[in-house]
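Hello,

I am passing on a structure for you to look through. My notes on it follow below.

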Amino acid sequence: MAASCVSCGAVVSQRLLLRPRVSLAPRQVLWRAAELQSVPGPQILRLKHVTVVTTKKNVKALRRETYTVDFIKKQIEEFNIGKRHLANMMGEDPETFTQEDIDRAIAYLFPSGLFEKRARPVMKHPEQIFPKQKATQWGEDGRPFHYLFYTGKQSYYSLMHDTYGKILDIEKHKNQLQAKGLFSEKDKTTDLIGSRWLIKEELEEMLVEKLSDQDYAQFVRLMERLLQGGAAGEFVQSFRRSVTVQSEKQPIEPVQHDAQGMAFSTSEGRRKSAKAEAVVYEHGNGRIKINGIDYLLYFPVLQDREQLMFPFHFLDRLGKHDVTCTVSGGGRSAQAGAIRLAMARALCSFVTEEEVEWMRQVNSFAHIWNDVSRSSTAMHSNLPHKSSFRLDCSRLIRASANGRSRARREPAGSLPGRSAEYCQERRGRVHLRVANTHQ
Amino acid sequence: MLKGVTRLVSRVHKLDPGHFLRLGTQAPQSLAAHLDNQVSFESPRAISCTSENDPAKHEEKHEGQHYNLPLQDMKTIFPHGLPPRYAMQMKTFNEACLMVRKPALELLHYLKNTNFAHPAVRYVLYGEKGTGKTLSLCHIIHFCAKQDWLILHIPDAHLWVKDCRDLLQSSYNKQRFDQPLEASVWLKNFKTTNERFLNQIKIQEKYVWNKRESIEKGSSLGEVVEQGITRVRNATDAVGIVLKELKRQSSLGIFHLLVAVDGVNALWGRTTLKREDKSPIAAEELALIHNLRKMVKNDWNGGAIVMTLSQTGSLFKPRKAYLPQELLGKEGFDALDPFIPILVGNYNPKEFESCIQYYLENSWLQHEKAHTEEGKKELLFLSNGNPGQLERLCAYL
């Protein structure tokens with residue numbers, strides 16, 4: 001395929017002397033102007049680029065920059081030295097200079113106004129910056145080191161194999177114990193509470209390999225089976241992450257008393273760009289006044305009133321409290337949400353701890369941030385196409401038809417329709433009707 | 001209950017004090033005793049419905065309960081007066097039930113004690129949107145119909161100031177405009193309501209329709225109405241004649257006249273009608289409105305004028321406006337001065353309970369939680385006791 005395309009390229013270059021040509025996936029470019037003097041007739045020297053295809057085998061290695069182990073080591077040393085320098089600069093003790101201190105120092109020395117936090121200057125340990133990669137999998141003779149290399153996902157399969165080995169071991173052990181009569185049912189499931197299995201992304205990161213969903217499901221099933229069999233142990237724990245307990249407690253507002261001796265409590269809430277402040281009285285009729293207007297008139301839409309109803313309905317206190325609130329900003333829905341949040345917070349002061357916990361669990365206190373982030377793919381990367389360098393007519397024609405080649409188009413014009421026809425001639429099976437994509 | 005009355009009194013005080021008659025409001029009786037008499041061991045229907053179907057006998061003990069209006073009567077008395085949602089409910093339940101409420105009871109009391117020798121008293125029912133002004137008016141009209149009064153019912157004055165396709169220049173007065181369609185429709189309904197009076201009342205003047213047609217003095221009002229219905233061009237003038245004659249003759253004592261206007265703030269508001277040259281028409285340039293304004297002036301006796309203010313159909317008025325000053329404007333307020341304002345408010349807990357019971361009895365609320373206290377509390381919260389909102393909440397999707 002590569003060879004034929006090279007010859008194709010050569011022949012094409014002869015025949016299409018007078019026509020402009022496009023550059024094709026330029027990695028290495030060669031001038032071939034002088035070669036064509038053998039062709040008779042008027043010669044107009046045009047700029048001609050021809051891609052030279054490499055025929056080396058380890059193209060993979062060239063394409064992605066591998067960070068060799070030495071390179072990473074060097075980076076780590078540099079990082080550590082740099083850290084000490086930075087500590088010196090900031091007048092702190094180099095021995096006790098933590099990553100947070102580094103972040104603060106960098107933010108101070110290189111203030112950046114960029115909105116995207118990930119684009120700001122950062123100084124982190126090389127492990128976190130350079131992506132994890134696999135070291136070369138084969139030796140000089142081309143023979144792979146790992147016995148499961150040819151499965152494609154060697155780490156994954158070896159992990160599964162090891163796990164299954166452990167399951168069999170445990171079963172054997174159990175059988176032996178049962179034969180001797182020493183087997184006892186132990187409580188094994190206690191250490192599972194408060195932790196969860198790795199998610200697929202985390203597992204991929206650990207194995208430095210891409211997995212499919214079925215692979216991941218199989219892995220989880222195998223792990224569960226291992227757990228059922230016997231004690232968890234370190235091996236399984238390494239695949240579990242603790243679920244962080246929500247330790248943020250909702251601050252409870254103090255109960256105040258107004259002039260008449262009525263108990264009330266105040267709090268605020270925000271939703272989108274609406275701000276609300278609610279004053280909830282302990283004893284009342286269920287009247288709600290917003291900005292001095294009755295809530296039925298202020299929120300003619302049923303949906304908004306349902307939002308207001310929720311905190312009271314959840315605590316079964318409909319009609320037991322009077323509320324006065326002020327709200328500003330935002331739209332109708334946002335104001336309703338803000339008032340609801342404020343009321344829920346204010347109600348905490350009249351309610352038991354347990355009920356506060358329930359409210360927290362149903363997300364009564366969470367800000368519902370509207371995710372206004374723009375699509376992260378807004379700036380489409382202009383990296384060159386990640387496939388082979390080989391001259392692939394059909395791909396190029398497709399690319400030019402989509403117009404993508406225009407972005408990367410360097411000197412010459414677009415791939416003319418005639419070369420598409422030519423490819424059609426040569427291949428006989430490419431049926432493409434590419435219009436002349438000249439501009 | 002007490003709160004409702006005090007609120008009413010405070011509202012009354014809030015309005016311009018010097019201008020209107022302030023009649024004392026009755027102190028509420030204690031209802032518990034009456035309730036016990038009524039309810040005790042009867043079926044649940046007794047809580048929400050009462051068997052007393054004659055509005056004349058409605059009293060405070062019936063407050064909060066629904067009474068049945070015979071469907072036959074509905075067709076005669078209300079050919080056009082019911083709010084559309086209520087008409088749908090009537091059709092669904094196959095019966096017409098109206099709740100007896102305090103504002104209506106108050107008005108009934110005043111009407112029962114009217115002195116027909118004095119000029120007609122004007123009563124204005126006002127309140128927030130959806131509180132039941134129109135249905136209270138219907139209650140009054142039913143009462144008056146039962147008492148054999150002549151009912152002059154304009155179901156919605158707003159309909160006369162907007163969306164009129166054909167405006168003719170009035171033949172009677174070149175400055176004004178006729179609305180043939182609206183007038184003829186109204187005349188038809190008027191005829192349905194007041195058949196029996198039309199032959200008894202005789203006009204006292206000769207009216208000339210055009211060069212060829214005229215109507216003699218002494219002919220019955222029925223003929224005027226017929227003329228208006230058949231000759232649509234003259235319908236507006238026919239209406240004008242009817243109004244004038246009724247006003248003149250009600251003082252004679254042959255009949256009692258009830259003028260019931262819904263949405264009276266339309267008479268003094270803006271219109272959306274335009275002339276051919278796109279210039280706007282003021283309300284007084286419409287013949288119908290002009291005549292109606294004369295009708296609601298209290299320079300006649302022998303009847304009463306009951307009016308409702310309505311923001312719902314009004315033009316160019318903010319949604320939250322409900323006070324007479326806001327809706328009538330200066331001109332309207334001065335024209336209607338002095339009047340007796342009657343506030344119609346949201347349901348109090350007893351009325352709310354009664355309404356829910358009524359729906360439950362008719363198997364209208366199908367949610368399993370509707371019977372429970374929590375369900376009722378939810379409904380109360382979401383509707384805030386507003387009858388209109390409650391009805392919309394309970395309606396089908």
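**Helix α13 of chain A**

On one side of α13(A), Glu354(A) and Gln361(A) are exposed. Please keep in mind throughout that this is a predicted model.

Within α13 of chain A, which covers residues 353–361, the buried residues are Glu355(A), Val356(A), Met359(A) and Arg360(A). Viewed down the axis of α13(A), these buried residues fall within an arc of 145 degrees, so they line one face of the helix.

Just after α13(A) comes Asn363(A), with a positive phi of about 65 degrees.

**Val255 of chain A**

Val255(A) sits in a loop of chain A, the one between β4 (240–242) and β5 (256–257).

If neighbours within four places in sequence are left aside, Val255(A) is in contact with Ala263(A), Phe264(A), Ser349(A) and Phe350(A). From Val255(A) to Val280(A) there are 25 residues in sequence, and their C-alpha atoms are 9.8 Å apart in space.

**Chain B as a whole**

Chain B contains 16 helices and 11 strands. It has 397 residues, of which 53% count as buried. Among the contacts in chain B with a separation of 6 or more, 73% are between residues 24 or more positions apart. The accessible surface of chain B is about 18,500 Å², and carbon and sulfur atoms account for 53% of that surface.

**Cavities**

How many cavities of 30 Å³ or more are there? The count comes to 4.

The second largest cavity has a volume of about 110 Å³. It is lined by 10 residues, and those closest to its centre are Arg85(B), Gln89(B), Thr92(B), Trp364(B) and Glu391(B). Which element gives the largest share of this lining? That is helix α5 of chain B (residues 84–93), with 5 residues. By type, the lining of the second largest cavity divides into 6 nonpolar, 2 polar and 2 charged residues.

Regards

Methods:
Residues numbered from 1 in each chain as written. Chains lettered and ligands numbered in written order. Predicted model: local features only at pLDDT ≥ 70, side-chain atom pairs only at ≥ 80, totals over all residues. Heavy atoms only, no water. Helix = DSSP H or I, 4+ residues; strand = E, 2+ residues; numbered from the N terminus. Buried < 20%, exposed > 50% of the residue type's maximum accessible area, 1.4 Å probe, protein only. Contact = heavy atoms within 4.5 Å. Areas by Shrake-Rupley, 256 points an atom, 1.4 Å probe, with all protein chains shown as cover. Arc of directions from axis to C-beta. 1 Å grid on protein atoms, 1.4 Å probe; cavity = no way out; pocket = protein on both sides within 12 Å on 5 of 7 lines; lining within 4 Å. Points joined across faces, edges and corners; volume = space filled by probe spheres on them. Nonpolar A, V, L, I, M, F, W, Y, C, P; charged D, E, K, R; others polar.
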